[in-house]
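Okay everyone, thanks for coming. Let me put the structure up, and then I'll walk you through a pocket and a sheet.

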Amino acid sequence: MEDSQNSIFALKTSAGQERNVAKVLAMKANKQGVEIKAIVVPESLKGYIIVESASKIDMRNPEIRIRHLRGIVGANKDGVVDDKNQISLEEVKRFLKPKPIISSIQKGSIVELVSGPFKGEKSKVVRLDESREEVVLELIEAAVPIPVTVKADQIRIIKKEAE
């Protein structure tokens, strides 16, 4: 991304279709000779992909017509992007370094287990072990409180504890 001639754009997609749009865009660009240098699908940015291109991206171009691709951020009503609507490399870097999952979890939060033997169970966060990225939970619907230790990526936050 060091080449000063390349431009970086954010493309709007349907939520959940970011990877599919990126794959199809890469295939079409390769076949049609559209000068796309890189495509990034940041996990933390739902409904968008980031594209580095040596040329301006024009949504009127039939090679770029892709299902679930909704448009370009900053494009005019015709679907053409000006140089002033490009994204800087510094803005892109924010999405390339993900923050640890455990940093968003708080003691006392209500979570749902998304994998493992207790999948689907609602629990309360009792303790956090940030160094190992583990969470100790207490199952809400259990007759006897049982502490369960799971990895932070095995839970989904339902309700954060208000401080």
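So, which element gives the most to the lining of the second largest pocket? It's α2, with 4 residues. Quick caveat: this is a predicted model, where local features need pLDDT of at least 70 and side-chain atom pairs count only at pLDDT 80 or more, while totals for chains, interfaces and linings use all residues. Numbering runs from 1 along each chain as its sequence is written, and side-chain values use heavy atoms, without hydrogens and water.

Back to that pocket: the space in there is about 160 Å³. By pocket I mean an open set of points on a 1 Å grid over the protein atoms alone, where a 1.4 Å probe fits, with protein on both sides within 12 Å along at least five of seven lines; lining residues have an atom within 4 Å of a point. The volume is the space filled by probe spheres set on the points. There are 11 lining residues, and A10, L45, I87, E91 and F95 are the closest to the centre. β3 (48-53) and α2 (89-96) each give two or more; helices (H or I, at least four residues) and strands (E, at least two) are DSSP runs numbered from the N terminus.

Now the sheet. It's open, with 5 antiparallel strands in the order β8-β7-β6-β5-β9; pairing takes at least two DSSP bridges between two strands. β8 (147-151) and β9 (155-159) are at the edges with a single partner strand each, so one side of each has no neighbour in the sheet. Inside it, β5 (110-113) and β6 (122-129) pair over 3 bridges, and E112 has K122 in β6 as its bridge partner.
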